[in-house]
Amino acid sequence: MQEDRIELLRPQMGTSRALTVRRYGKPGSGPKAYFQAALHADELPGVITLHHLEKQLKEADEKGDITGEIVVVPFANPIGFTQYVDMKPIGRFEMRSGQNFNRHYPDLGPAVVEAVASRLTQNADENVKIIRAELRRLISEHRKDNAPLSDLSDLRFTLAELAIDADYVMDLHCDWEAPMHLYISDHNWPDAQDLSAQIGSECSLIAEISGDNPFDEAFSRPWVELRRVYGDKFPIPMATLATTIELRGDRDVYDEYAITDADNLFKFLQRRGLIKGDPGPLPEAKCDATPLSGVDRVMAPQGGMVVFGVAAGEIVKAGQELGYVLDCETGQKTPFSSRTDGVLYSRIGIRLIVPGGYLCSVAGPEALPGREGQLLLSK
Ligand SMILES: [Zn+2]
């Protein structure tokens with residue numbers, strides 16, 4: 001194992017920030033996997049999961065069992081880690097710009113399509129090498145083109161540079177109150193069925209473009225674009241499987257979950273040939289993929305207190321009462337429901353709600369009217 005400390009742009013006189021990066025295995029010896037946790041800095045289940053996964057990786061590395069390269073950034077957002085208001089961590093949005101830490105990653109698709117125009121061959125492996133070399137070059141060029149950078153942009157580029165040439169990009173997040181679920185490109189499906197089954201995902205949401213360039217899409221989308229433009233003339237695999245794994249809710253920080261989740265990620269790496277050893281039989285999948293455009297975001301019909309009647313993870317019917325919002329001044333009690341049947345896979349973690357505020361999400365099997373463009377919850 002090799003540990004590096006990458007100094008980030010100093011945000012101000014008298015301050016400094018850094019990323020810890022640990023590398024297992026050998027670069028170029030096989031496939032590369034990249035893991036990070038807490039890009040939304042108040043989402044800690046991924047941090048404890050990586051803590052346990054790294055114990056397994058260290059042991060495997062010492063035995064010489066790692067047959068690829070595994071890069072781990074155990075906490076990806078030192079900026080967000082220091083944001084606190086009213087005794088609460090504020091980790092989803094940067095307080096200076098208001099931007100979501102998991103949006104606005106570079107879209108290298110158009111640039112890489114142009115860069116490899118005359119260089120592709122009839123050999124798929126060769127094409128992957130050529131494309132990855134260009135992606136590495138383009139991301140550092142893009143960093144230079146955006147100078148001078150803010151500390152937030154510097155963080156985004158630094159993380160993107162670490163992940164840009166990985167075969168597997170695993171961004172570990174969590175929801176507020178939720179069962180295990182994941183987001184992934186529809187072009188990585190059904191390839192990622194084994195990941196979904198192995199981690200016990202109860203809701204696997206697929207979309208090509210979910211809006212505003214979240215981290216994972218920065219690594220899957222260039223391959224989608226390349227295959228769309230050149231796929232009928234040259235062999236180009238969907239070489240990067242990039243996903244956002246939502247490790248339940250933000251309070252689900254327990255060894256019991258994290259040890260199991262780490263073990264499942266380790267088995268996935270074994271199944272994909274990055275670590276020697278038998279992962280055992282694949283568990284039966286708990287869900288099939290459903291479209292992100294089939295998610296109904298249920299919003300509060302009025303301000304007040306939300307009282308849920310359905311737990312996160314339950315299967316619900318369209319029109320079923322999922323709970324109500326109570327205005328204790330007027331006595332107005334307004335029930336809410338979803339437009340679709342499906343799994344209620346996300347509930348807000350607070351109970352004091354504003355009109356139009358987010359309440360919960362239900363993942364249905366079919367695209368819903370009006371669900372296009374911005375498919376994720378917030379910018
Ligand atoms: Zn998140």
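S346 touches D175, W176, E177, A178, Y358, L359, C360 and S361, leaving aside residues up to four places away in sequence. Keep in mind that this is a predicted model. S346 belongs to strand β17, which covers residues 342-347. Is S346 buried or exposed? Its relative accessibility is 2%, so S346 counts as buried, since buried means under 20%.

Two of the neighbours also meet the side chain of S346 in polar contacts. One is with the side chain of D175, at 2.8 Å, and another is with the side chain of Y358, at 2.6 Å.

The largest pocket has 48 lining residues, and D42, E43, R92, W176 and D250 are the closest to its centre. W176 is also one of the residues that S346 touches. Several elements each supply at least two residues of this lining, including β7 (168-175), β10 (241-249) and β19 (358-363). Where does the largest pocket lie? It lies between domain 1 (2-287) and domain 2 (292-363), because both give residues to its lining.

The second largest pocket is lined by 16 residues, and nearest its centre lie G30, V128, R132, D165 and D167. Which helix gives the largest share of this lining? That is helix α4 (residues 124-145), with five residues.

How values were computed:
Residues are numbered from 1 along each chain as its sequence is written. This is a predicted model: local features need pLDDT of at least 70, side-chain atom pairs count only at pLDDT 80 or more; totals for chains, interfaces and linings use all residues. Side-chain values use heavy atoms; hydrogens and water are left out. Helices (H or I, at least four residues) and strands (E, at least two) are DSSP runs, numbered from the N terminus. Buried means under 20% relative accessible area, exposed over 50%, partly exposed in between (1.4 Å probe, protein chains only). A polar contact is a pair of N or O atoms within 3.5 Å; within protein, one must be able to donate a hydrogen and the other to accept it, and residues adjacent in sequence count only if both atoms are side-chain atoms. Contact means heavy atoms within 4.5 Å. On a 1 Å grid over the protein atoms alone, a cavity is a set of points where a 1.4 Å probe fits but cannot get out, and a pocket is an open set with protein on both sides within 12 Å along at least five of seven lines; lining residues have an atom within 4 Å of a point. Domain bounds come from an automatic or database domain assignment.
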